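Biologist: Can you walk me through this one? I'd like to go from the overall fold down to single residues.

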Amino acid sequence: MISFSRVHKRYPGGLEALRGVTLTIEAGEIVFITGPSGAGKSTVLKLMAAIERPTTGSVVVSGQNVGALRPRAVPFLRRKLGLIFQDQKLLFDRSAFDNVMLPLAVTGFERREAARRVRAALDKVGLLAKEKVHPVRLSGGEQQRLAIARAIVHRPAILLADEPTGNLDAAYAAGIGELFRSFNQVGVTVVIATHDVAFAARMKPRVIVLKEGKLAA
Amino acid sequence: MKTWMWHHLDALRTTLARLLRTPVATLLNVSVIGVALALPMGLYVAVVNLQGLTRSLGSDPQLSVFLALDAGPAEVKRIAARLQQHPTVREARYVPRDEALKELKSSTGLADVVDSLPGNPLPDAFVVLPRDTTPEALEKLRDEVRGWPKVTHVQLDAEWARRLDAGLRAALLAVSLLATLFAFALVAVTFNTIRLQILTRREEIEVSRLIGATDAFIRRPFLYYGALQGLAGGLAAWAIIGAGIYVLNGELADLSRLYAAQIELRHLGPEDSGSLLAFSAALGWFGSWLSVNRHLAAIEPR
């Protein structure tokens, strides 16, 4: 599903985020990428979503070479992914419902079917009762779950999450872990980048540890 | 195809909502565009109306030949024959002095003045329509007829109308120059509006890109916004010109009573109105297209 082959990533300004990373994630796997801050976890996810391009080496996501992808093809790759960001990137000028609607709106989904799917996604994360609420009025944990609903509403094959439990307490983090587990059980490939070692350990998944831009065994 | 239609309808709907969400800003922008368009279009309307007036007054050039007051019937007959046989004259119509006086009484509202005159001050006259209407030919004919006995005065009637017509053609050119300048202004106003819009919607654009929106999808509402704003500006210009004409016609009603002529300004016809609206919408679209191309590229998700 996802494979990195000797990937180097150097950012403008000289920061070397990744130095020769090779890894493969099979379809249907759930994988944690851990390591200290600055180890390159976020960069790995950004390369998978074509937000960044590798300096050298190749990144292949569901059969497409991300490094060589034409800009016009990028949106269509991203529609196969569900992205959850460290800062959530919710839109505060619209309701929870409309936030979750966004991925369906960009693909031109038929409206009634889209509304049905949005409610299903909100229900899945336990926010159905708050569909009309604006994100500002949701708690931190609720905002995170709203971001998850938005990432899964178009039923992506791959779910990429960057620090999904960033500022949540342990109980809440466990709940979110269970959510990811349940997506994985219906066949979604899940990749989670986190520095929250306790969170990762509880889930007992395959763990990829990064250190200074390299795989640490 | 259905999806495509859906996308466009959706963009139109959200764009209208955006325009209405900031009514004051929208109103100000629309007025600026409306005023900018109303200036050249108003001038255009004025020129077209004046042109209509000169045409209705006859740009068919003719010569008026006035005879001496003491010219007798025999001399009138002789001059009539000479005019009719002249190779460059198409038609010569005799206007007897009594008929001329009657016409003056009935058409200009000067009946009181005419009645108070002791006698008929008007001479016999001929109205001559020449075959060749070039200015040189007209002047040659005028100079020739002027030399005939018992002819006191020969006047080239349509000359002022022709001069005015030529002047108006120059004015139309000035209108197009002015329209070009204001078209630039419209594009600039739209460019800037869209730039601000893109800045305030930065987050939305970034998120849309991250969840797989194509550039066309992101661009569409901005293009609609520009086109709709331009269209609304065009409508505003049309209304401004309409209001101006309404006010002027009120004043002109008095003037036309005084001059015993039908003087009334007309608004743009359906064709011109249609072009005005299409033109303003197209310029708005173009302005936002320029702006979107320039500014969207700068927003890449990080």
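This is a predicted model: local features need pLDDT of at least 70, side-chain atom pairs count only at pLDDT 80 or more; totals for chains, interfaces and linings use all residues.

Biologist: How much of chain A counts as buried?

Modeller: The cut-off here is 20 or more other C-beta atoms within 10 Å of a residue's own. Apply that to the 217 residues of chain A, and the buried share is 42%.

Biologist: And what share of the contacts in chain A with a separation of 6 or more comes from residues 24 or more positions apart?

Modeller: Start from the contacts in chain A whose separation is 6 or more. Then keep those between residues 24 or more positions apart, and you are left with 70%.

Biologist: Which strands sit at the edges of the open four-stranded sheet in chain A?

Modeller: That sheet pairs antiparallel, in the order S2-S1-S4-S5. Strand S1 (residues 2-10) is joined to S2(A) by seven bridges, and within S2(A), A:Leu23 is the residue opposite A:Phe4. An edge strand pairs on one side only, which leaves S2 (16-25) and S5 (64-65).

Biologist: Which strands does helix H1 of chain A touch as it packs on the sheet?

Modeller: Helix H1 covers residues 41-48, and its direction makes about 120° with that of S1(A). The strands it touches in chain A are S1, S2 and S4 (56-61).

Biologist: How do the residues of chain A that touch chain B divide into nonpolar, polar and charged?

Modeller: On the chain A side, 12 residues are in contact with 14 residues of chain B. Helix H2 (74-78) and helix H3 (96-107) of chain A each supply at least two residues of that side. Sorted by type, the chain A side is eight nonpolar, one polar and three charged.

Biologist: Is A:Ala129 buried or exposed?

Modeller: A:Ala129 lies in the loop between helix H4 (111-124) and helix H5 (140-152) of chain A. Its C-alpha atom is separated by 9.6 Å from that of A:Arg119, 10 residues apart along the chain. A residue with 12 or fewer neighbours counts as exposed. A:Ala129 has 10 C-beta neighbours inside 10 Å, so it is exposed.

How values were computed:
Residues are numbered from 1 along each chain as its sequence is written. Chains are lettered from A and ligands numbered from 1 in the order in which they are written. Two strands pair if DSSP finds at least two bridges between them. Two residues are in contact if their C-beta atoms, placed from the backbone, lie within 7 Å. Axes are lines fitted to C-alpha atoms, for helices over the stretch in contact, and angles run from 0 to 180 degrees between N-to-C directions. Ala, Val, Leu, Ile, Met, Phe, Trp, Tyr, Cys and Pro count as nonpolar, Asp, Glu, Lys and Arg as charged, and the others, Gly among them, as polar.
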